[in-house]
Amino acid sequence: PLRDVYKRQGLDRLARRPTISGMNRRKLLYLLGIPALIGSTGAAWAAISRSRNPYYQGPITENFDGVAFTDGRPVTKGLADVLKWQTSKREREAFPERYPAPPQDKPPASVEGARIVHLGHASFLYPGAGLNLLIDPVYSQRASPLSFIGPRRVNEPGVAFSDLPRIDVVLITHNHYDHLDIETLARLHERDGPRMIMPLGNDTIVRARIPDARTEAHDWSARLALSETAWVTLVPTYHWSARGAFDRRMALWCSFVIEAAGTKIFHIGDTGYHDGSLYQRLGAEYGPFRLAVLPIGAYEPRWFMSDNHMNPDEAVKVMLALRAEQALGHHWGTFQLTDEGIERPPAALAAALAEAGLPEERFRPMRPGLSWQA
């Protein structure tokens, strides 16, 4: 029941709401899993939630109306669209039970320059500049609020948890379950006590499970020192947030500009493309970049996904807009969130690069265990 899920998240106010009776597991996934990955706030949910934001209270700003956050786009999809997608005739390609990845990486004791290892889906290890960073680490078997249902991983993380070096900083892009994994954060906190940096409101979610976590939450444009030679800046992206059915857009989402070891990297966890003007602006303001780390999966069907998830063709356009020398593609091949098959994203990426007259090595689709080094 929804009440128990919210209690486990420490959201007592939401736990007091009436439960939804007569709900089977599939419908529960619609409300707690799938909408928390790709839907958006509808007028009905906004009205229900209007009384108070359980994660963040702050002044009204350009991207916060006092209750919910915005990236300036109108909300075009809601629960009715989720149900239409799930109940209509679909061309859904099922993932295999197992999709073996390359051998797990063994991070070296020290790194010259910048090195990045893909852990799977949207999770990355960034060792360099005397620091070890993790972005959106997910070691759980499911990207879901529930242990028995929801998207299940089809390969192991690219670095075994026991092989992770001591983690100094964790960066979280937003609160969807395939990016903010509370149980993984709890394990990291118990082992290493890292600094955890995230957009506004997400710290409340983490502290509900890990009260003494070293969390800090910031708005877009905040530039933070990680060391004397490393910085991170939170920047906008076209996405949204939710952990359940009643908290749409009540925590902020972001991308990161990482400056370390003489290398500038643009990292996106999730985004839509729209007219591409956001990334033209960010490329002009923060670029050029040595590397862009971009999502290339979870994009079908386009009528529903395009608001919040770009496809490989759009990812190539974002790479060029950011003025990135190199790009790495993620958000594919580990959890099935949408309708495209497991090997569609890299194939579509190769076609998009050919169409743009670019070599395939300019934009690599990453798999768990693969690494890149400047």
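## Cis peptide bonds

Pro301 is located in the loop that runs between S11 and H10. The model is a predicted one, and in it the peptide bond joining Glu300 to Pro301 is cis, with omega at about 5 degrees.

A cis peptide bond also joins Gly287 and Pro288, where omega is about 0 degrees. Pro288 belongs to the loop between H9 and S11.

## Positive phi values

Asp136 is not a glycine, yet its phi is positive, near 45 degrees. This residue sits in the loop between strand S3 (131–135) and S4. Asp136 has a relative accessible area of 0%, under the 20% limit, and is therefore buried.

His274, also a residue other than glycine, has a positive phi of about 60 degrees. The loop that holds His274 lies between strand S10 (263–267) and H9. With 34% relative accessibility, His274 is classed as partly exposed.

## The open sheet

An open sheet of mixed pairing is built from seven strands, in the order S6-S5-S4-S3-S2-S1-S14. Its edges are strand S6 (214–218) and strand S14 (371–373); each has a single partner strand, so one side of each has no neighbour in the sheet. From one strand to the next, the twist averages 20 degrees.

Within this sheet, strand S4 (residues 169–171) pairs with strand S5 (residues 195–199) in the parallel sense, over three bridges. In this pairing Val169 is placed opposite Arg195 of S5. Helix H8 (residues 202–209) packs on the sheet and touches S5 and S6, its direction making about 135 degrees with that of S5.

## Nonpolar cores

The largest nonpolar core has 33 residues; Phe266, Tyr279, Leu294, Leu322 and Phe363 are the ones that touch the most other members. At least two core residues come from each of helix H9 (277–286), strand S11 (289–295), helix H11 (312–321), strand S12 (324–330) and helix H12 (344–355). The most is given by H11, which contributes five residues.

Beyond its neighbours within four places in sequence, Phe266 has contacts that include Val235, Phe256, Tyr279, Leu282, Leu291 and Leu322. Another core lies apart from the largest one and has 32 residues, including Ile258, Val293, Met366 and Trp372. Val293 is also one of the residues in contact with Phe266.

## Aromatic pairs

There are ten aromatic pairs in the structure. One of them, Tyr56 with Phe64, is edge-to-face, with 5.0 Å from centre to centre and 75 degrees between the planes. Tyr56 and Phe64 form one aromatic cluster together with Phe69.

Trp85 and Phe304 have ring centres 5.4 Å apart and planes at 25 degrees, so this pair is stacked. The two residues are 219 residues apart and link distant parts of the chain, Trp85 being in helix H6 (residues 79–87) and Phe304 in helix H10 (residues 302–305). Trp85 is buried at 1% relative accessibility, and Phe304 is buried at 1% as well.

## Arginines over rings

Arg243 lies over the face of Tyr177, 3.9 Å from the ring centre. Arg191 lies over the face of Phe161, at a distance of 5.3 Å from the ring centre.

Methods:
Residues numbered from 1 in each chain as written. Predicted model: local features only at pLDDT ≥ 70, side-chain atom pairs only at ≥ 80, totals over all residues. Heavy atoms only, no water. Pairing = 2+ DSSP bridges. Helix = DSSP H or I, 4+ residues; strand = E, 2+ residues; numbered from the N terminus. Axes fitted to C-alpha atoms, helices over the stretch in contact; angles between N-to-C directions. Contact = heavy atoms within 4.5 Å. Core = buried A, V, L, I, M, F, W, Y, C linked by side-chain atoms within 4.5 Å. Buried < 20%, exposed > 50% of the residue type's maximum accessible area, 1.4 Å probe, protein only. Phe/Tyr/Trp six-rings, centres within 6.5 Å; stacked < 30°, edge-to-face > 60°. Lys NZ or Arg CZ within 6 Å of the ring centre and 35° of its normal.
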